[in-house]
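Welcome! Please take a look at the sequence and the model before reading on.

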Amino acid sequence: MKKYSVCILAIAAIAVIGNMSVSGQSAYVRPDAEKRFKRYASDTVGPFAWVGIAAASGVSTAANEPEEWGKSAKGFGKRVASNFGRRVIRNTVTYGLDEALKLDSNFYRSEKRGFGNLVKNALISPITARKPDGKRTIGIPRLVGTYTAGVISSEAWYPERYNWKDGLRSGTITLGTNALFNLVKEFIKR
């Protein structure tokens, strides 16, 4: 899984460096402050956020990862709390940096048609953000938020055997997983 996520990020980085204008920037309109905050709140504590938290916690419980937490209801509860904490950290850091840097890290489906355009957009979205004019740039807010959440959780509440390196690995896996979900979103209801 680790190598797969790194490959996705490498491909996306090459695409970003090679072509910063992937999908129809002319159609992009920066959401207003209220809409950006509502999106942050919904992505953090909304119903779909809780579905994702519960699903990830269920998978981790079935896989007994980390094994110190066990496969019990108590272990599931620890995983829910952990996943929620990571989501709050990731989304809060991302939102704060988006606002400070006047960027938009949200995923937008490609305006261009064609398999290659859809795949390219899905793969680079986790590591890019949009400037107010719609042009893509390196997504510092998302990268910092994702890796911060991984490192803090690994150092603060995961069992002793985890450290910052596990947090970096977790952050990379999260970005790769986001790319895969974006790929699904690109092809749904087209």
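The structure holds eight aromatic pairs; rings of Phe, Tyr and Trp (its six-membered ring) count as a pair if their centres lie within 6.5 Å, and planes under 30 degrees apart are stacked, over 60 edge-to-face and the rest tilted. This is a predicted model, in which local features need pLDDT of at least 70 and side-chain atom pairs count only at pLDDT 80 or more, while totals for chains, interfaces and linings use all residues. Residues are numbered from 1 along each chain as its sequence is written, and side-chain values use heavy atoms, with hydrogens and water left out.

**Aromatic pairs**

- Y40 and Y95 are stacked, because their ring centres are 4.6 Å apart and their planes stand at 15°.
- This pair links distant parts of the chain, with Y40 in helix α2 (residues 33–45) and Y95 in helix α4 (residues 73–101), 55 residues apart; helices (H or I, at least four residues) and strands (E, at least two) are DSSP runs numbered from the N terminus.
- Y40 is buried at 19% relative accessibility, whereas Y95 is partly exposed at 22%; buried means under 20% relative accessible area, exposed over 50% and partly exposed in between (1.4 Å probe, protein chains only).
- W50 and F84 also form a stacked pair, 4.8 Å centre to centre with 15° between the planes.

**Salt bridges**

- Side chains of opposite charge can pair when their charged atoms come close.
- The count comes to six salt bridges, each a side-chain nitrogen of Lys or Arg within 4 Å of a carboxyl oxygen of Asp or Glu.
- R36 and E99 meet in one of them, at 2.6 Å from N to O.
- Since R36 lies in helix α2 and E99 in helix α4, their bridge ties together parts that are 63 residues apart in sequence.
- R36 is buried at 12% relative accessible area, and E99 is partly exposed at 23%.
- D104 and R39 form another bridge, at 2.9 Å from N to O.
- That pair spans 65 residues, from D104 in the loop between α4 and α5 to R39 in helix α2.
- How buried is D104? Its relative accessibility is 0%, so D104 counts as buried.
- R161 bridges to E65, with the closest N and O atoms 4.0 Å apart.
- R161 sits in the loop between α6 (140–156) and α7, and E65 in the loop between α3 and α4, 96 residues apart.
- Shared partners join E65, E68 and R161 into one salt-bridge network.

**The cavity**

- The structure holds one cavity of 30 Å³ or more.
- The largest cavity has a volume of about 50 Å³, where a volume is the space filled by probe spheres set on grid points joined across faces, edges and corners.
- Its lining includes D104, F107, Y108 and R136; a cavity is a set of points on a 1 Å grid over the protein atoms alone where a 1.4 Å probe fits but cannot get out, and lining residues have an atom within 4 Å of a point.
- Strand β1 (residues 128–130) gives the most to this lining, with three residues.

Notes: On a 1 Å grid over the protein atoms alone, a cavity is a set of points where a 1.4 Å probe fits but cannot get out, and a pocket is an open set with protein on both sides within 12 Å along at least five of seven lines; lining residues have an atom within 4 Å of a point.
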